[in-house]
Amino acid sequence: QVQLVESGGGLVQAGGSLRLSCAASGLTFSSYAMGWFRQAPGKEREFVAANRWSGGSITYYADSVKGRFTIPRDNAKNTVYLQMNSLKPEDTAVYYCAAGLSRPWTIGEAYDYWGQGTQVTVSS
């Protein structure tokens, strides 16, 4: 069966960096768009970034993270990353990795599989 396993979350000070990883198994990784979403306490889940493969990576970012986060993928390792720089307290959330085949890549409904989530806490 399909599994997505996130890792790399933790506590970091504002201005710091973290790199999340999402290791996928049970699917043809390069065929899937991979996305990152997050959910803060009391808030709805929101799109963060997505990467789809079409001979190379095509990436999408939420305005709130553009210029600070990147979403590289390694198809040989079946892994997608979320490199988070210049972190802010408002980035605090549980971050979820997702895999999907349908557009649009910026909404959760486009994704078929989800990881269990990893907590990111940014202190001020």
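This report describes charged, aromatic and backbone features of one predicted model.

## Basis of the values

Residues are numbered from 1 along each chain as its sequence is written, and side-chain values use heavy atoms, with hydrogens and water left out. Because the model is predicted, local features need pLDDT of at least 70 and side-chain atom pairs count only at pLDDT 80 or more, while totals for chains, interfaces and linings use all residues.

Strands in this report are DSSP runs (E, at least two residues), and helices are runs of H or I with at least four; both are numbered from the N terminus. Buried stands for under 20% relative accessible area, exposed for over 50%, and partly exposed for values in between (1.4 Å probe, protein chains only).

## Salt bridges

Side chains of opposite charge can pair when their charged atoms come close. A salt bridge here is a side-chain nitrogen of Lys or Arg within 4 Å of a carboxyl oxygen of Asp or Glu. The structure has four salt bridges by this rule. One of them joins Arg38 and Glu46, whose closest N and O atoms are 2.5 Å apart. Arg38 is buried, at 5% relative accessibility, whereas Glu46 is partly exposed at 35%. Another salt bridge, between Asp63 and Lys66, has an N to O distance of 3.2 Å. Asp63 is exposed, with a relative accessible area of 67%.

Arg68 and Asp91 also form a salt bridge, at 2.8 Å from N to O. This pair links distant parts of the chain, 23 residues apart: Arg68 is in the loop between β6 (57–61) and β7 (69–70), and Asp91 is in the loop between β9 (79–84) and β10 (93–100). Both Arg68 and Asp91 are buried. A network of salt bridges links Arg38, Glu46, Arg68 and Asp91.

## A buried arginine without a salt bridge

Arg52 is in strand β5 (residues 46–53). Arg52 is buried but has no salt bridge, and the nearest side chain of opposite charge, Asp112, is 14 Å away. In this count Lys and Arg are positive and Asp and Glu negative, while His and the chain ends are not counted.

What does the side chain of Arg52 join through a polar contact? The partner is the side chain of Tyr60, at 2.7 Å. A polar contact is a pair of N or O atoms within 3.5 Å; within protein, one must be able to donate a hydrogen and the other to accept it, and residues adjacent in sequence count only if both atoms are side-chain atoms. Leaving aside residues up to four places away in sequence, Arg52 touches Ala33, Ser57, Ile58, Tyr60, Arg73, Arg103 and Trp105. Touching means contact, with heavy atoms within 4.5 Å.

## Aromatic rings

Rings of Phe, Tyr and Trp (its six-membered ring) pair if their centres lie within 6.5 Å; planes under 30 degrees apart count as stacked, over 60 as edge-to-face and the rest as tilted. The whole structure holds five aromatic pairs. Among them is the tilted pair of Tyr32 and Tyr113, with 6.2 Å between centres and 55 degrees between planes. These two tyrosines are 81 residues apart and link distant parts of the chain: Tyr32 lies in the loop between β3 (18–25) and β4 (33–39), Tyr113 in strand β11 (residues 111–114). Tyr32 is buried at 12% relative accessible area, and Tyr113 is partly exposed at 30%.

Phe37 and Phe47 form an edge-to-face pair, 5.7 Å centre to centre, with 70 degrees between the planes. Phe37 is in strand β4 and Phe47 in strand β5, so this pair ties together parts that are ten residues apart in sequence. Phe37 is buried at 2%, and Phe47 is buried at 12%. Phe37, Phe47, Tyr111 and Trp114 make up one aromatic cluster.

Arg45 lies over the face of Phe37, 5.7 Å from the ring centre, and Arg73 lies over the face of Phe29 at 4.5 Å. Such a placement requires NZ of Lys or CZ of Arg within 6 Å of the ring centre and within 35 degrees of the ring normal.

## Backbone features

Most residues other than glycine have a negative phi, and most peptide bonds are trans. The peptide bond from Arg103 to Pro104 is cis, with omega near -10 degrees; Pro104 is in the loop between β10 and β11.

Asn78 has a positive phi, near 50 degrees, and is in the loop between β8 (73–74) and β9. Ser86 has a positive phi of about 50 degrees and lies in the loop between β9 and β10. Asn78 is partly exposed at 25%, and Ser86 is partly exposed at 42%.
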